[in-house]
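Here is a short tour for a reader new to this structure. Start by looking over the sequence and the model.

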Amino acid sequence: MTPGKRPNVILFITDQQRADHVGFAGNTVLRTPHLDALAADGVRGEQFYVASTTCMSNRATLMTGRMPSLHGVLHNGIPLSRQHTTFVELLRDAGYATALFGKSHLQNFGYDNPNKRGWENANGGTPPPDALRDAHKDHRRGPDYENEWTPLWKQSPDHHVETPFYGFDHVTLCTLHADQVQGDYARWLASRHPDPDSLRGRANAKPDARYRAPQAWRTRLPVDLYPTTFVAEQTSAWIEKHVAEPDAAPFYIQCSFPDPHHPLTPPGKYWDMYDPDAMTLPASFHQEDKPALLAAVHRYTQAGGTREAYAPFSVDERECKEMIALTYGMISLVDDAIGSVVKTLERLGIADDTVIIFTSDHGEMMGDHGIMLKGPLHYRSVARVPFVWRDPALPAPRRGQAMPEVASTLDLAQTILARVGLAPYNGIQGVNLLPWLAGTAAAAPARAGVVVENEPMQFLFDRPARFRVRTLFNGTWRLTLSEDEAACECYDLTQDPQEMHNLWDVPDARAQRDALIAQLAIEMIRLTDTSPLPTAQA
């Protein structure tokens with residue numbers, strides 16, 4: 001790499017992929033050779049956590065370097081305000097070419113909330129007018145917030161993402177998941193097949209009597225027409241075109257795959273790549289003594305609650321094994337797609353000029369404690385995600401090593417800006433991880449751990465009112481605090497890695513619990529807002 005030259009940066013991000021769902025994390029069943037190669041040539045994070053286990057919330061944190069309680073994306077269904085600064089805007093302002101391919105999910109993309117939970121009349125008085133319903137007059141509605149709305153993509157062939165879009169000058173968009181993806185992908189698919197709708201959905205699926213898991217069907221989409229292939233193909237095509245331009249600027253690309261995510265529809269050979277009978281049930285699958293939120297999921301399912309939506313649900317042993325196998329198939333296809341983009345970088349001779357990052361927006365229960373999906377359940381299976389930083393500037397002894405320090409999605413904006421030589425904006429949070437990635441830091445980051453936030457609004461887990469959860473992960477303990485004591489949990493991750501023994505009310509653990517509460521309180525103070533800057537002395 002030319003000294004003084006700013007690097008290209010490409011961030012590969014998947015959807016709903018656990019930290020242990022990669023080969024480089026020790027998974028001996030799942031095959032991810034391309035990601036394993038990146039990890040072998042880079043640094044992997046062993047304790048990398050999301051800022052929120054909700055997709056839109058964590059993606060907004062990725063873009064802003066700020067916690068959900070500050071950027072306001074407290075749950076899916078709340079777009080990121082266009083008034084919030086993103087690190088991509090700073091890259092663009094510095095001359096970077098910026099592009100997004102695949103899933104964005106910074107705005108709502110197509111699910112109306114049937115419960116319409118929101119403002120509640122707390123005292124029975126005259127309701128405020130719509131314009132004054134929220135504490136913020138920036139209501140995040142209107143044309144600026146309809147870029148991803150799937151119904152508009154279906155209604156109008158002219159609908160597209162207006163750029164710049166949170167700092168991206170180019171956007172090729174995917175909305176929704178699996179073989180249901182819409183947006184630019186649907187138009188691309190229609191250009192390649194005379195009847196694309198005949199290939200998609202449960203009604204058009206190939207019969208396969210071996211499988212009975214919820215939200216799983218054998219799609220008729222071939223591998224070369226599947227959304228994962230589309231995202232990789234479009235990314236590589238843009239890179240080829242861009243680097244051919246005279247005096248091409250360095251680029252920042254977000255290559256964002258909608259998979260792995262329910263519904264589970266790995267195409268072609270990836271459907272059969274893993275045998276459900278060869279899958280192992282999680283050690284916690286049959287846990288009997290369940291904390292309140294976990295018990296509520298099981299009651300919900302037993303009472304006939306839907307298993308075809310986004311609320312977490314319980315499964316039996318066979319269903320769990322099927323869903324693990326099909327998820328593995330989706331991940332292996334993503335791995336091959338990432339490999340194809342990396343090969344494009346190598347063929348064009350720019351791999352050594354490019355920082356490659358890999359992570360996911362949150363994890364998945366995947367049968368842990370007998371349930372699937374996610375929510376304000378801050379088990380590590382949901383809160384911990386894979387992370388790789390492959391960088392030509394890394395010292396040779398660091399390549400293939402692990403970064404054991406606790407880190408977070410919150411840190412990515414700071415770290416990317418630092419890597420390209422740009423100062424962050426006021427109010428950005430997190431830590432610049434470069435010293436720990438390079439192995440030059442003398443001590444762990446100056447914080448007690450990382451914080452995960454959630455504010456469930458659409459599925460209340462049998463609780464009597466909306467509640468909030470804040471969790472501290474410090475590497476050896478997990479402390480979850482809520483104003484609803486039923487949601488409070490405490491786990492010794494060294495002695496209880498499966499998080500099966502909640503120590504919140506155990507007398508012998510009271511001192512440790514209280515110390516963790518104090519640490520969490522300090523971190524929450526540290527994460528309060530420092531923006532805006534004052535404009536005068538008084």
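Which residue takes a positive phi just after α2? That is Gly-65, with a phi of about 65 degrees. The model is predicted, so every value here is computed from it.

Helix α2 covers residues 55–64 and is mostly covered. In this helix, 10 of its 10 residues are buried. Among them are Cys-55, Met-56 and Leu-62. The buried residues also include Ser-57, Asn-58, Arg-59 and Thr-64.

**The chain as a whole**

The chain has 13 helices and 17 strands. Its radius of gyration is 23 Å. Because a compact globule of 538 residues would have a value near 24 Å, the chain agrees with that expectation. The mean positions of the 51 positive and 65 negative charges are 1 Å apart.

| Property of the chain | Value |
|---|---|
| Span of the C-alpha trace along the principal axes | about 70 × 65 × 60 Å |
| Buried residues | 56% of the 538 residues |
| Accessible surface | about 21,700 Å² |
| Share of that surface from carbon and sulfur atoms | 51% |

In soluble globular proteins, nonpolar side chains tend to be buried together. Here, the largest nonpolar core has 64 residues. Phe-12, Ile-253, Phe-257 and Ile-338 have the most contacts inside it. Several elements give two or more residues to this core, including strands β1 (8–14) and β7 (251–256) and helices α7 (227–243) and α9 (317–347). The largest share, 15 residues, comes from α9.

**Two residues up close**

What does Ile-253 touch, not counting residues up to four places away in sequence? Its partners are Val-9, Ile-10, Leu-11, Ala-99, Phe-101, Thr-235, Trp-238 and Ile-239.

Now take Thr-228, which lies in helix α7. Is Thr-228 buried or exposed? Thr-228 counts as buried because its relative accessibility is 0%, and the cut-off for buried is under 20%. Leaving aside neighbours within four places in sequence, Thr-228 is in contact with Phe-257, Asp-259, Leu-333, Val-334 and Ala-337. Phe-257 is also one of the residues with the most contacts inside the largest nonpolar core.

Terms used
Residues numbered from 1 in each chain as written. Predicted model: local features only at pLDDT ≥ 70, side-chain atom pairs only at ≥ 80, totals over all residues. Heavy atoms only, no water. Helix = DSSP H or I, 4+ residues; strand = E, 2+ residues; numbered from the N terminus. Rg over C-alpha atoms; globule rule 2.2 N^0.38 Å. Buried < 20%, exposed > 50% of the residue type's maximum accessible area, 1.4 Å probe, protein only. Areas by Shrake-Rupley, 256 points an atom, 1.4 Å probe, with all protein chains shown as cover. Lys, Arg positive; Asp, Glu negative; His and termini not counted. Charge placed at Lys NZ, Arg CZ, Asp CG, Glu CD. Core = buried A, V, L, I, M, F, W, Y, C linked by side-chain atoms within 4.5 Å. Contact = heavy atoms within 4.5 Å.
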